[in-house]
Structures are given as structure tokens and as C-alpha cells.
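Try each one before you read its solution.

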Amino acid sequence: MGRVGRRRVVRSVDLVARKAGLCPGTPVAKAQALYPDLTIMDADPQGDREGLKKLALWFQRRMAPVVAVDPPDGIVLDTTGADHLHGGEQAMLAAMVQRLRRTGVTAKAAVADSLGAAHALARYGRARMLVVPPGEAAAAMADLPIAALRLPDDIVDGLHALGVSRIGPLAGMPRAPLALRFGPEVARRLDQAFGRVAEAIVPIRPVEPVEVSRNFAEPIGAAETIARMIGTLVPPLCQLLEERGQGGRCFDLLLHRVDSRAEAIRITTAQPVRAAGRLVRLLCEKIETIDPGFGIERMVLTVSWAEPMGVRQAMSLLDEADEPDVSGLIDSLANRVGTQALYRFMPVESDMPERSFCRVPALAPDEAKDWPDHWPRPMRLLPRPEPVLAMAELPDQPPVFFIWRGVRRKVRCADGPERVFGEWWKGDAELTTARDYFRVEDTSGERFWIYRAGDGEHGETGSQGWFLHGIFG
């Protein structure tokens, strides 16, 4: 609830209130008269701005280096050069919306050529997630209301008085009469939405970031020159990190072009780093992704994520072996293929094989848990168990033969069963679940890990069907 003049009006509504017919701008007295049990809270604009800023910093750390706040309820990201690290634009949007949903925030997202088009489609489009192909922003916005162009309310009311309510008809009108009556704002917003006029995105910055920058008297564009300038920016940045006792985990290089556009390079490291040589090498490996346009006039190198980093003690004895450091290799691979594609497995306390491990970063610290060794496990575990046709003489006996992927395999020897029960604390469906695992070897010498879903006697323990879950080396 907030105030417009002397009136108390509804500022925002949740999904239940929206379904009941309430919307922002409804007078509070009318809302209370319609729904006496309505819960009303005072608006906190300052708190909303702070929360939006924190959310933008979260996106900047995990998604893209160029992130700006779009008040009162939006965030703008320039994902150029960063979307492939998240599996593409569609996968990136899905990941963002799902993460917000898990925290209780309902969001809509759109990717377009310009800030104005993305703003309009995310707020006024029907799709919850939308990726507009390059050059098709005008067609995608044609049926949106003119309020999506971020025009002042008086101009929107004036256009409605003329019978213009959609962007498509407005874009087709002559510019001169519109400018004469409403000024240059209508044409400017249309050009920004269609990508004809550049609109700068001023990225949000963490509090007192570690940052160095350099302006150029003449624009630069050659890869060799950019690499040389990176070499001059990194050492002073590392010196600032050393003075703070920190190391960087995420570094952003922003290259401001003469046409008011910005290119961005992001590198991440598995551990805090302030070694100038390694950072220069990682940044130079991504120069080929930069489009300098007509030239770059300013470069800014920022540490977006820093952690405390102490001084590493050198070897005290000449015959003392130095600990191997593979973090440089991990960083090089992660910045080429993406941090999500580089991982290792960690044991998890669970009897169910598919739940007994999890993915962790490549250099995550080891935990005290050990892999189970009381029963052998296959080297290759299938992503999901595959059904097979099998025949066993008795419920507690291994199959005599089984057919997997159209190939009949006769079992020569087998070991088992190893009975695994469901994890009853995870749900009622697993209270009576059981599996009998067998290690079998066929006549050609290949060894497989198969199980029967159930105990072979009681139907409530499983379907009694056979499945292949892994292959031994």
C-alpha cells in the first residue's frame, strides 16, 4: 500500500489477490470494501530498491558481468559473450527463472536485440520466457500496448485519445506530426526499442570494487594491442588485491567502444588468484570473442568476486617436495568449456546407487566420507536404469539369460543378490521398495550390474521387472 497524493492505493498484489480482481492502482478503501479479510501492508520502496540491488549483484556474480537495476521491479543483463557458458540463451533464461522460483520469486524474462525490446516483452508479453531472434524485435512488439515503450503517462493518455493503443500502428505513423504534438520522446523510445539508437546499460557495482581502468587517446581494435593493454592492467589490479589480502575468483573486463556499446570478457578461477601471469593468459585466451567494432576507447578490469587470500609459505627444506598445483589447468579448462562442464564426484550417504554421489567443483575440498567398499560397484553407471527381458529360476537366483538393447546374453556366472531398500524417510512410495542387485558375466566375458525391482514375491515391493544399471570395466 502506498499514497498517490492524499489517496491510499494498492502498489503491488500477489497472485491470489490478482486472481480476485485486484490490481496496482486500486484504491485501498475499495479493496477493503470488496474483501474485508484482505491483508494490507505498507509499501517499503527503499527496502525494495535495496533488495533489487542485492538481486542484481547476485546475477552479476553468477550470470553475466553487465547487470543493471531496472526499477521498480526489473533487472537488465547484457549476456553478450556469456550465454554460451550457461548452455545458450533459452537454457540461461530457464535457469534464472527456476532459481528465482525456488526462492519464492515469480519472474518473466526475455532476450532481445535491445534493452527497450527486452523490457517491453518481459513485462507486457504473454510468454513467461521468450528469446527473440535477431532482427525480429519489431514484429514481436507489434501487438504490445504503447505503455511498454516506457513513455510518460501524459503521452500514453494523449495517444489513447487519438485511438492509438498498440506499438505496431504507432510505429507506422508519420514521425513529424507525432513530434509536433508529443515532442521527440515517442520517436526516441521507438528507435531504442527497435535497436536503431543505442541505449547504454550502466552496470551495478559492488561496494568499493577492486578496479583498474585505462582510456585511450586513439581507439584500438587489433588483438595484439588489446592483449598488450591487458598486460598493463593486470599487475596493478593484483597489487590492489595483495594490499587488501584478497584473491579474485571472478574477473570482468569491460571494453567500451566508440559507438557507446560495451563488450565483456569474464573469467573465473577455482581458487582465489592474484598471479598476474595466469590472469593475463586467461583473459587473452578470450580476445577472439571480442567484437571491437569501430574501436575501443576505454578498458575497465574489475574483480567481481574476491575472497581472503593469505600468503603461501615457500618450501623450508631443499629436499621437501612441493605440493602439485593443478588450479591453473582447471582454470584454463573451465574458462573454455564452462565451469558447469568441469566437475568431480563426491560420495553421498545413500543406499540407492543413483543417489550415492553428487557433482562438486573440480577443486572442492575433500570431505570425510568414503566410497562404499563392502560391495563392488561398476565403473560405468547408466544415467537411468534400462529395462531388460530376463528369466530367473527362483526369486533369489540370478537370471539365466537377459536381453538388452536387442541382444540376447546368456549368463555364465553371477554373484548376489545384494538387497537395497528404499529410503523410507523420503516418501511413502519408498516404504516397501526393494531391489535385488546381481553381478553377472555373460559367455563373452562382459560383466553387468542388473537388478530386479522387488523381492520376487510381494507386489508392493516393486514391479518385479529386471533392469540393467551399470557395466563393469
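**Rings and charges**

Arginine 435 lies over the face of tyrosine 451, 4.7 Å from the ring centre. This is a predicted model, where local features need pLDDT of at least 70, side-chain atom pairs count only at pLDDT 80 or more, and totals for chains, interfaces and linings use all residues. Residues are numbered from 1 along each chain as its sequence is written, and side-chain values use heavy atoms, with hydrogens and water left out.

**Exercise 1.** Find the ring under the charged end of arginine 249.

*Solution.* Start with the test: CZ of Arg (or NZ of Lys) must be within 6 Å of the ring centre and within 35 degrees of the ring normal. The ring is that of tryptophan 305, with the charged end 4.5 Å from its centre.

**Exercise 2.** Work out how the rings of phenylalanine 345 and phenylalanine 357 are arranged.

*Solution.* First, the cut-offs: rings of Phe, Tyr and Trp (its six-membered ring) pair if their centres lie within 6.5 Å, and planes under 30 degrees apart are stacked, over 60 edge-to-face, the rest tilted. Here the centres are 5.2 Å apart and the planes at 90 degrees, so the pair is edge-to-face.

**Exercise 3.** Decide whether tryptophan 404 and phenylalanine 448 are buried or exposed.

*Solution.* Look at the pair: it's edge-to-face, 5.9 Å centre to centre, with 70 degrees between the planes. Then check accessibility: both tryptophan 404 and phenylalanine 448 are buried (under 20% relative accessible area, with exposed over 50% and partly exposed in between; 1.4 Å probe, protein chains only).
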